[in-house]
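Hello,

Here is the structure I promised to pass on. Please have a look, then read my notes below.

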Amino acid sequence: MSENKRCPEETKPGVATNRRDFLKQSAAFVGAAVSFGVVGVILPDDVLGVETVAYDWNKHRWVYLVDTTKCIGCGACVRACRAENDVPEHMYRTWIERYEIAVEGEAHVDSPEGGEFGFHPLTSGMEIRKAFFVPKLCNHCEATPCTQVCPVGASYTTRDGAVLVDDKRCIGCGYCIQACPYGSRYLNPQTRTAGKCTWCYHRVTEGLEPACVAVCPVGARIFGDRKNPDDSINEILATKRVQVLQPELLTKPQCFYLGLDMEVR
Amino acid sequence: MEPNSPLRHTKHVFRVGLLLLAAIVALILGRSFFVPETFGQYGSYRGGNVSEQAAHQVRHGGRQSCEPCHADEFEEQTAGGHRAVTCEVCHAPVSLHARNDEKIADMPMHRSADLCLLCHQELKARPGSQPQIQPRQHLEENGGEPGPESCFECHEPHSPL
């Protein structure tokens, strides 16, 4: 505080001394910037090695398929996702919604704890015409609004199709969370950065399926590679009647659905 | 220098040039300080993050990671009615239990009806092909005692029915 008060008086007497001080301070700043710049920027990449991944992302184009007619709502995918990716409590990278549609057409939708601990019978008293589960996750849209709004380039799409968040760049502003029409993103309360489904990028690049796909006991979740002609997902996408969520938004979701109903958004 | 010399303003031009040079140097240094090295390598994001993402530890090893130590359970499980359910669905990710072929902690054994009911509680939203029960009715019909481990009185979880 005292130094701040002294400053205005010292600036008055002579211009020359101040310029000298200014130059001295500038030189000190530039010196510090140079040393920090060299050490801080070059070191991490020397240590991490950018090109250490043997996996070639140009040879893959990942897509996801959900067969809602098979889902039993057990929540194994939600639990596996949390364990695999350290997802904080009450946040979800994938979740299951239950739709119960009454004879009169009224729809009841719920997702207790994201379906993580299963579902209990509903006693709404309504006469149910049809009911089904819909697992949801990030759609990894090809024309995604979430990466467009990121002001610091923390959110991006990889060449093999995954939409990821760089948690070292993310400033936690939350624009992407608001931009996502599917509610697929959350703000991690511990790191204060945006979190979302990565399609288990660390598993996919090792030749494994995403954790949710690997644990699904009924095969309701399918992961595949559009660039691999032998992948069975291409046969399904080519011959079955698939849909995406909210196609009117033109986000080009890369997560496809079998057996969607009108009520599902 | 002569007062009327055509070079009498040179020093001013020289000063402006110096200032410009200093500004350019400051810009380059500032950029290298604030912009991460791999930013822009593949697009307008930090290219180094791709390999950082891929380096995250794999937690679920799948059934093949259990087989080497638990061959009997593996054989029984893959032949039974629960063959579509991998070990880690009911137990826990293998990374909590073993690392580098060494056991690091006990694997949880959930002997609870709640675990079974995650898949087998009768729900309207479940496909008809899924085996489902109403727990109380099922116990009454089959003479079971209600309790947290009631399912295991009749069913072997690795190979039920």
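In chain A, four strands make an open sheet, ordered β9-β1-β11-β10, with mixed pairing. (Strands are DSSP runs of E, at least two residues, and helices are runs of H or I, at least four; both are numbered from the N terminus. Two strands pair if DSSP finds at least two bridges between them.) The edges are β9 (221-225) and β10 (242-243) of chain A; each has a single partner strand, so one side of each lacks a neighbour in the sheet. β10(A) runs antiparallel to β11 (residues 255-258) of chain A, and two bridges join them. There, V242(A) sits opposite L258(A) of β11(A).

A helix packs on this sheet: α8 (residues 232-239) of chain A. Helix α8 of chain A touches β1 (62-67), β9, β10 and β11 of chain A. Its direction makes about 105° with that of β9(A) (axes are lines fitted to C-alpha atoms, for helices over the stretch in contact; angles run from 0 to 180 degrees between N-to-C directions).

A note on the basis: this is a predicted model, where local features need pLDDT of at least 70, side-chain atom pairs count only at pLDDT 80 or more, and totals for chains, interfaces and linings use all residues. Residues are numbered from 1 along each chain as its sequence is written, and chains are lettered from A and ligands numbered from 1 in the order written.

Now chain B. Its domain assignment (automatic or from a database) gives domain 1 (58-109) and domain 2 (110-161). In chain B, 10 residues of domain 1 contact eight of domain 2 (C-beta atoms, placed from the backbone, within 7 Å). Helix α3 (residues 71-79) of chain B gives the largest share of the domain 1 side, four residues.

Best wishes

How values were computed:
Two residues are in contact if their C-beta atoms, placed from the backbone, lie within 7 Å.
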